[in-house]
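Colleague: Please take me through this model, beginning with the sheet and then moving on to the backbone and the side chains.

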Amino acid sequence: MNHLAVTISREYGSGGRLIGELVAQRLNAAFYNHNVIDRIAHESGQDRSYISRWERQISSPGMWNGFLSVRRDGLSSHLQSEYYSNMGRMFTVQSRIIQTAAEEGPCVFVGRCAGYLLRNHAPALHVLIHASRDSRLRRVEQDYRVGGAPHVLEAVDRGRKLYYEEYTGQVWGDCHNYDLILDSGTLGIEGCAALILSAVHQKRKR
């Protein structure tokens, strides 16, 4: 019998990580977010700091704009080769880690295209967390204490969208890819976690 997997996609500043942590705690499930970095480093033989830099880069729209324009124009360049080689290799390792972790026990994943990678895993619950721009800006400024919040908000969201669509061939945020879509600005962190747990309960009954 397969173990339950909950995947959480999220807009930046919507509190998806906090919601994922709560759900994992209450399900007594493994929680995968930044700790995936350690497993990627171990399996790829790369230094953890290198993987951390790669993770930050995938949220950079400037990098993605360069990569996509180079590929679209059909240019052969060191830039194209480096982007494709590094990101393709890391995504392959990350994919294997997520799929393996889902077989090891109940788990909750935040981001990293986990919903797509586990689309055929059963049982699984795929969730999208979103919120209004104002709500997300408040969280980024007050909780994350990030300067230049409006620019960062747009940059990270665009980077995540481009990364997701490049490697999955799906449209990020398409409602058809999720079982549950929640507004954390309206429902709050606790409210979203409670609804996810309720959905998990229903999923297990079926």
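Modeller: Two strands are taken as paired if DSSP finds at least two bridges between them. With that rule, β4 and strand β5 (residues 180-183) are joined by four bridges and run parallel. Please bear in mind that this is a predicted model.

Colleague: Which residue in β5 is the bridge partner of V127?

Modeller: The partner of V127 in β5 is L180.

Colleague: And how many bridges join strand β1 to β4?

Modeller: Strand β1 (residues 5-10) is joined to β4 by six bridges, and the two run parallel. Within that pairing, A5 has A124 of β4 as its bridge partner.

Colleague: What does A5 stand opposite in β3?

Modeller: In β3, A5 stands opposite C107. The pairing of β1 with β3 is also in the parallel sense, over four bridges.

Colleague: What is the order of the strands in the sheet, then?

Modeller: The order is β2-β3-β1-β4-β5, an open sheet of five strands with parallel pairing. The edges are formed by β2 and β5; each has a single partner strand, so one side of each has no neighbour in the sheet. From one strand to the next, the twist averages 20°.

Colleague: Which strands does helix α9 touch?

Modeller: Helix α9 (residues 184-205) packs on the sheet and touches β1, β4 and β5. The direction of α9 makes about 160° with that of β5.

Colleague: Back to β4: how many of its residues are buried?

Modeller: Six of the seven residues of β4 (residues 124-130) are buried, so this strand is largely enclosed by the rest of the structure.

Colleague: Let us turn to the backbone. Which peptide bond is cis, with omega near 0°?

Modeller: The bond from A122 to P123 is cis, with omega near 0°. P123 belongs to the loop between α6 (114-117) and β4.

Colleague: What about positive phi values? Where is N28 found, for instance?

Modeller: N28 is in the loop between α1 (16-27) and β2 (30-32). Its phi is positive, about 55°, although N28 is not a glycine.

Colleague: Is N28 buried or exposed?

Modeller: N28 has a relative accessible area of 72%. The cut-off for exposed is over 50%, so N28 is exposed.

Colleague: And C113: what is its phi near?

Modeller: Phi of C113 is near 60°, again a positive value in a residue other than glycine. C113 lies in the loop between β3 (107-110) and α6. The relative accessibility of C113 is 7%; buried means under 20%, so C113 counts as buried.

Colleague: Staying with cysteines, how many disulfides does the count come to?

Modeller: The count comes to zero disulfides. As for C192, this residue is buried, at 0% relative accessibility.

Colleague: Now the aromatic residues. How many aromatic pairs does a search of the whole structure find?

Modeller: The search finds five aromatic pairs. One of them is Y32 with F109, a stacked pair at 5.1 Å centre to centre with 15° between the planes. Y32 lies in strand β2 and F109 in strand β3, so this pair ties together parts that are 77 residues apart in sequence. Both Y32 and F109 are buried.

Colleague: Which type of pair do F91 and Y163 make?

Modeller: That pair is edge-to-face, because the ring centres of F91 and Y163 are 6.0 Å apart and the planes stand at 75°. F91 is in helix α5 (residues 78-104) and Y163 in helix α8 (residues 149-168), so the pair ties together parts that are 72 residues apart in sequence.

Colleague: How accessible are these two, F91 and Y163?

Modeller: F91 counts as buried at 9% relative accessibility, and Y163 likewise counts as buried at 5%.

Colleague: What forms one aromatic cluster with them?

Modeller: Y167 does: F91, Y163 and Y167 form one aromatic cluster.

Colleague: Lastly, which residue lies over the face of Y116?

Modeller: R119 lies over the face of the Y116 ring, at 3.9 Å from the ring centre.

Notes: Residues numbered from 1 in each chain as written. Predicted model: local features only at pLDDT ≥ 70, side-chain atom pairs only at ≥ 80, totals over all residues. Heavy atoms only, no water. Buried < 20%, exposed > 50% of the residue type's maximum accessible area, 1.4 Å probe, protein only. Phe/Tyr/Trp six-rings, centres within 6.5 Å; stacked < 30°, edge-to-face > 60°. Lys NZ or Arg CZ within 6 Å of the ring centre and 35° of its normal. Disulfide = S-S within 2.5 Å. Axes fitted to C-alpha atoms, helices over the stretch in contact; angles between N-to-C directions. Contact = heavy atoms within 4.5 Å.
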